[in-house]
Amino acid sequence: MLPTIETERLRLRQLDVTDAERLFTIFSDPNILRYYGMEPHTSILETQQMLAGMLEGIESGAVMRWGIVTKESSDLIGTIGFHNRAPRHRRAEVGYEIHPNYWRHGYATEALQAALTYAAQTGEMERVGAIVFTENVASQQMLEKNGFSREGTLRHYMRQGDRAHDVHVYGYTTNKDHADA
């Protein structure tokens with residue numbers, strides 16, 4: 001079970017099976033997923049299966065994924081969390097998505113800062129990575145604005161549809177004493 005994290009405008013909370021319908025509106029939207037490395041869901045069943053996998057991963061500790069909820073309306077607007085966790089090496093990758101109705105309001109930044117603060121305070125992660133399609137300029141800018149450094153480019157790293165995509169690798173160090181080590 002993940003703790004609830006409060007920010008000025010958001011609540012990062014445990015996901016629940018009842019979130020499937022709202023998540024379907026996100027994971028079925030081609031505009032949201034165009035840089036995500038997966039095809040849009042075509043049925044609620046796909047979303048329910050994905051959510052069940054997330055919840056199993058959370059339960060086992062392999063994944064940390066919160067639902068992003070606005071305090072104002074209690075609407076679930078997306079998710080954020082850590083995957084590809086390597087506890088022995090104290091690292092993970094961050095992933096996130098926000099419904100387009102909430103883009104350009106700083107919610108992704110606010111959620112990212114809260115998740116990174118949690119990672120630093122718990123000491124569970126010293127390094128957080130991110131994999132971003134080279135075309136996804138908005139996500140790159142958001143990561144850089146929040147202290148991530150571009151570390152390189154991986155050619156033909158992810159496939160979406162019938163096309164291979166290059167990605168940029170980003171890194172963030174929660175232990176600032178060793179940021180340059």
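Ring pairs link Trp66, Phe82 and Tyr118 into a cluster. Rings here are those of Phe, Tyr and Trp (its six-membered ring), and they pair if their centres lie within 6.5 Å. Planes under 30 degrees apart count as stacked, over 60 as edge-to-face and the rest as tilted. The model is predicted: local features need pLDDT of at least 70, side-chain atom pairs count only at pLDDT 80 or more, and totals for chains, interfaces and linings use all residues. Residues are numbered from 1 along each chain as its sequence is written, and side-chain values use heavy atoms, with hydrogens and water left out.

A search of the whole structure finds six aromatic pairs. One of them joins Trp66 and Phe82: the ring centres are 6.3 Å apart and the planes stand at 85°, so this pair is edge-to-face. The pair links distant parts of the chain, with Trp66 in strand E3 (residues 64–70) and Phe82 in strand E4 (residues 76–86), 16 residues apart. Strands (E, at least two residues) and helices (H or I, at least four) are DSSP runs, numbered from the N terminus.

Buried means under 20% relative accessible area, exposed over 50%, and partly exposed in between (1.4 Å probe, protein chains only).

Trp66 lies in strand E3 and Tyr118 in helix H4 (residues 107–122), so the pair ties together parts that are 52 residues apart in sequence. Both Trp66 and Tyr118 are buried.

Now step back to the whole chain. How many helices and strands does it have? There are five helices and eight strands. Read from the N terminus, the order is β-β-α-α-α-β-β-β-α-β-α-β-β. The radius of gyration is 16 Å, close to the 16 Å that the globule rule gives for 181 residues, so the chain is as compact as a globular protein of that length. This radius is taken over C-alpha atoms, and the rule is 2.2 Å times the number of residues to the power 0.38. Along its principal axes the C-alpha trace spans about 45 × 40 × 35 Å.

Of the 181 residues, 44% count as buried. Contact means heavy atoms within 4.5 Å. Among contacts with a separation of 6 or more, 61% come from residues 24 or more positions apart. The accessible surface is about 9,600 Å², and carbon and sulfur atoms hold 47% of it. That area comes from the Shrake-Rupley method with a 1.4 Å probe.

Next, some single residues. Tyr107 is found in helix H4. Its relative accessible area is 14%, so Tyr107 is buried. Not counting residues up to four places away in sequence, Tyr107 touches Arg9, Leu10, Thr70, Ile77, Ile98 and Tyr102. Tyr107 and Gly78 are 29 residues apart in sequence and 9.6 Å apart in space, C-alpha to C-alpha.

Gln14 is found in strand E2 (residues 10–14). With a relative accessible area of 17%, Gln14 is buried. Which residues is Gln14 in contact with, leaving aside neighbours within four places in sequence? They are Met1, Leu2, Asp19, Leu55, Ile58 and Trp66.

Asn136 sits in the loop between strand E6 (127–133) and helix H5 (137–145). Asn136 is buried, with a relative accessible area of 15%. Its C-alpha atom is separated by 6.4 Å from that of Tyr35, 101 residues apart along the chain.

Finally, look at the backbone. Asn84 has a phi near 50°, a positive value in a residue other than glycine. Asn84 is found in strand E4 and is exposed, with a relative accessible area of 52%. Arg90 is not a glycine either, and has a positive phi of about 55°. Arg90 is found in the loop between E4 and strand E5 (91–98). At 33% relative accessibility, Arg90 counts as partly exposed.
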